[in-house]
Amino acid sequence: MASLQTSTLLFSSSSSSSNKINAAIHVPKLPRIPFSVPKMPTRDLVEELNARPIELKSFSSSSSSSSSPVNSQLYAVLEAVSDRVEMHSNVGEQRDNWNTLLLNSINMITLAASTLAGVAAMGGAGVPLLALKLSSALLYSAATGMLLIMNKIQPSQLAEEQRNAARLFRQLQTQIQTMLALRTPSQEDVKKVMENVLALDKAYPLPLLGAMLDKFPATFEPAVWWPENQCREENKSNEGHKKHSMKMEKNGWNEELEVEMREIIQVVKTKDIEDYVRLGNLALKINKILAVSGPLLTGIAAVGSAFVGNGSWAAIVAVTAGALASTVTTFEHGGQVGMVFEMYRNCAGFFRRLEESIEVTLEEGDLEKRENGKVLEMKVALQLGRSLSQLRELARKSASSHSHGTEVDELASKLF
């Protein structure tokens, strides 16, 4: 009886626990919500698209405008300009290496020949003396020939030319990219870009034979890397539109800004350009003297070394002339006088270009066709290394100097 009661209790407890578990895991069913998926009107959509062919054509024409022939031509020019940047950079490094290697080689040859001439002067007569004399004379002759070639091509000046060309081609590359990003170019833009590329090719040629620039011109002339006929054509086309009224500000221009730009041109012309022309002529004269003196001294040393042993004067001439030749060569090519001359030529060309661009802008009679006055003023200030307030102060100084009959006591540029 006791066992029966025990089993009954176990059964009741198990059944109650199972009821609890069932209550814990029981999830009520959610009611069904009617949901209908709309059918795609495929047939109606196709009929609607077929009924509107004009809209599809307009879409295709708008998408093809980005790949117009003018844009394709500009992208082709852009690729050529990028290639020229790489070429001029590589050639500039190569010619800079020429300057270093040739300078070291010529100095070593000259000093070795001078040493041999001194040793021969201290020795006696016989075969060793003849060998030393011949060796010294041959080394001096080789140094003379190498110096003539080096002074003719001026490797430091060649390297500076290529550096300037690479910088200007990068500038042109940026201008083309800006043109493609900001506005729709025209065929006239393609023509102007092509002219700029060809003008740069002419101003900074890559080959040496037949196209190399004259390293010793009769007079100093600023570098010209832009097509001059562009400015002349624009000036001719604008001759009938020079009269205009500046009573109201239009396109960023007013009478005060135009007077300011004219004063800046006057300062650039009378101070900066004249200063760099004077320095360029000085560098040209020094380079000419050094280019003649080096080979002349090594030639004299070669003749003197041939007569070593016939008197003390021959040895003195050979050794002294060799030492002087090494000094002159180091000063000319180690100091890179040719590079300094080219730097002055490029700086004078930069100011000449700035002067012409401002003059062409001011001669445009239609103010709407000009470059925005505020933008031009900011560009000129940045190119001269000045703030807008400093640029206006310089224009006021120039105007007051005209009234007092004096000159401005500073250069327009603060960059170089």
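How many aromatic pairs does a search of the whole structure find? The search finds six, where rings of Phe, Tyr and Trp (its six-membered ring) pair if their centres lie within 6.5 Å, with planes under 30 degrees apart counted as stacked, over 60 as edge-to-face and the rest as tilted. The rings of Trp-225 and Trp-226 have centres 5.2 Å apart and planes at 90°, so this pair is edge-to-face. Both Trp-225 and Trp-226 are buried, meaning under 20% relative accessible area, with exposed being over 50% and partly exposed in between (1.4 Å probe, protein chains only).

The model is predicted, so local features need pLDDT of at least 70 and side-chain atom pairs count only at pLDDT 80 or more, while totals for chains, interfaces and linings use all residues. Residues are numbered from 1 along each chain as its sequence is written, and side-chain values use heavy atoms, leaving out hydrogens and water.

One aromatic cluster is formed by Tyr-276, Tyr-344, Phe-350 and Phe-351, and Phe-350 also belongs to the contact of helix α11 with helix α12. Helices here are DSSP runs (H or I, at least four residues), numbered from the N terminus. Of the 27 residues of α11, 19 are buried, so this helix is largely enclosed by the rest of the structure.

Helix α11 (residues 337-363) packs against helix α12 (residues 373-383) at an angle of about 170°, their axes lying 12 Å apart; axes are lines fitted to C-alpha atoms over the stretch in contact, and angles run from 0 to 180 degrees between N-to-C directions.

How values were computed: Helix = DSSP H or I, 4+ residues; strand = E, 2+ residues; numbered from the N terminus. Contact = heavy atoms within 4.5 Å.
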